[in-house]
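Please find below some notes on the model. They take the chain contacts before the fold of a single chain.

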Amino acid sequence: MAKSLLIISRQSPWSGPGAREALDIVLAGGAFDLPIGLLFLDDGVLQLAAGQSAKVLQQKDLSANLQALPMFGVEELFYCADSASTRGLGNLSLAEAQPLAAEQITALIDRYDQVITL
Amino acid sequence: MKFAIALFSAAHAPSSRRALLFAQAALAGGHEIVRLFFYQDGVYNASDAVVTPQDELDLPKQWRTFITEQKLDGVVCIAAALRRGALNAEEAKRYQREAISVSAPWELSGLGQLHDAVQDADSLICFGGA
Amino acid sequence: MSTLHVLSHSPFGDDRLTSCLRLIGSADALLLSGDAVYALQPGTAPFTALQNRQIKLFVLAEDTQARAIDVPDWAEAIDYPAFVELSIHHDKVNSWL
């Protein structure tokens, strides 16, 4: 049975390559049919803010990749509810991502075999 | 115990030295390292172009020696490497660049190798950040 | 199930320690390495936060020595072989990169 891997993405979308390179790990895992989960935590939830425009900064638009995750077999998508509310995020652009409270995140990390927090 | 060790920071970051010391301790403790995977700024550890003063810690050289002597699998993420300008001869030719900074024992490959290592190992340890 | 969390950033002006303490489980352990050992500077908010939590707290000895930080009796200073053993003892390692 394949080991499951949780990726915890903590970077805002355009603070550097962090957000994109976290997503690349998820997409690669999905492409190999591995059990992968993705949690947006701290500034990572900013990747899910609605109405963003990567084009204006001449950056890659990650939202298309995010929307494609279920197609890659990655359906375990979560975000930290506290991180979102501290950052004033109401409507999130990724409808499939489930909000989690702190203790639910503790349990989530426990559920997975391995974790990468970047 | 089988370890997969992933490094996300450049040679000058203290976490890179910690990764090497951990890896050495793992082998000294009789454990196995299934793969060393270098991602994000970790790809810079594979660069031949890093020049270190004689009286300072030369981490790229230490990694190279460690991987060669212990016959380990040192894999550098190709996408992260290209983005940061760490090319081997094959990629330099492909993209018609003059600068070649990555050579054996380092191997450029995809993220599949990281996933493969995670599946194979008992434990994944990541180093990076600061 | 238990996780070894590893921190390596200074707790001042960085939110990794705060986030980690929000999410760390009762069976988990925390290893402070690199600048994260500054959290053991007495008289600081991070020091108080750690002292008040009942976590299994470890610190990389070389980093406290380099920074002249005393290791309180509620934390254990370890070397690299012990770091390896600690990583084996827990089900997984979560490094806050």
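**Notes on contacts and fold**

1. Chain B meets chain A through 15 residues of chain B and 14 residues of chain A, two residues being in contact if their C-beta atoms, placed from the backbone, lie within 7 Å. This is a predicted model, in which local features need pLDDT of at least 70 and side-chain atom pairs count only at pLDDT 80 or more, while totals for chains, interfaces and linings use all residues. Residues are numbered from 1 along each chain as its sequence is written, and chains are lettered from A and ligands numbered from 1 in the order in which they are written.

2. On the side of chain B that touches chain A, α3 (78-84), α5 (112-120) and β5 (123-127) of chain B each supply at least two residues. Helices (H or I, at least four residues) and strands (E, at least two) are DSSP runs, numbered from the N terminus. The most comes from α5(B), with five residues. By class, this side of chain B has nine nonpolar, five polar and one charged residues; Ala, Val, Leu, Ile, Met, Phe, Trp, Tyr, Cys and Pro count as nonpolar, Asp, Glu, Lys and Arg as charged, and the others, Gly among them, as polar.

3. Between chains C and B, 15 residues of chain C are in contact with 19 residues of chain B. On the chain C side, α4 (80-89) and β5 (92-95) each supply at least two residues, and α4(C) gives the most, with six. That side of chain C divides into eight nonpolar, six polar and one charged residues.

4. Chain C has four helices and five strands, in the order β-α-β-α-β-α-β-α-β along the sequence. Its radius of gyration is 12 Å, close to the 13 Å that the globule rule gives for 97 residues, so chain C is as compact as a globular protein of that length. The radius is taken over C-alpha atoms, and the rule is 2.2 Å times the number of residues to the power 0.38. The C-alpha trace of chain C spans about 35 × 30 × 25 Å along its principal axes.

5. In chain C, 44% of the 97 residues count as buried (20 or more other C-beta atoms within 10 Å of the residue's own, placed from the backbone). Of the chain C contacts between residues at least 6 apart in sequence, 65% join residues at least 24 apart.

6. Strands β3 (residues 56-60) and β4 (residues 75-78) of chain C pair in the parallel sense over four bridges; pairing requires that DSSP finds at least two bridges between two strands. F58(C) has E76(C) in β4(C) as its bridge partner. With helix α3 (residues 61-66) of chain C, β3(C) and β4(C) make a right-handed β-α-β unit: with the strands pointing away from the viewer, the path from the first strand over the helix to the second runs clockwise.

Definitions and conventions. Buried ≥ 20, exposed ≤ 12 C-beta atoms within 10 Å, placed from the backbone.
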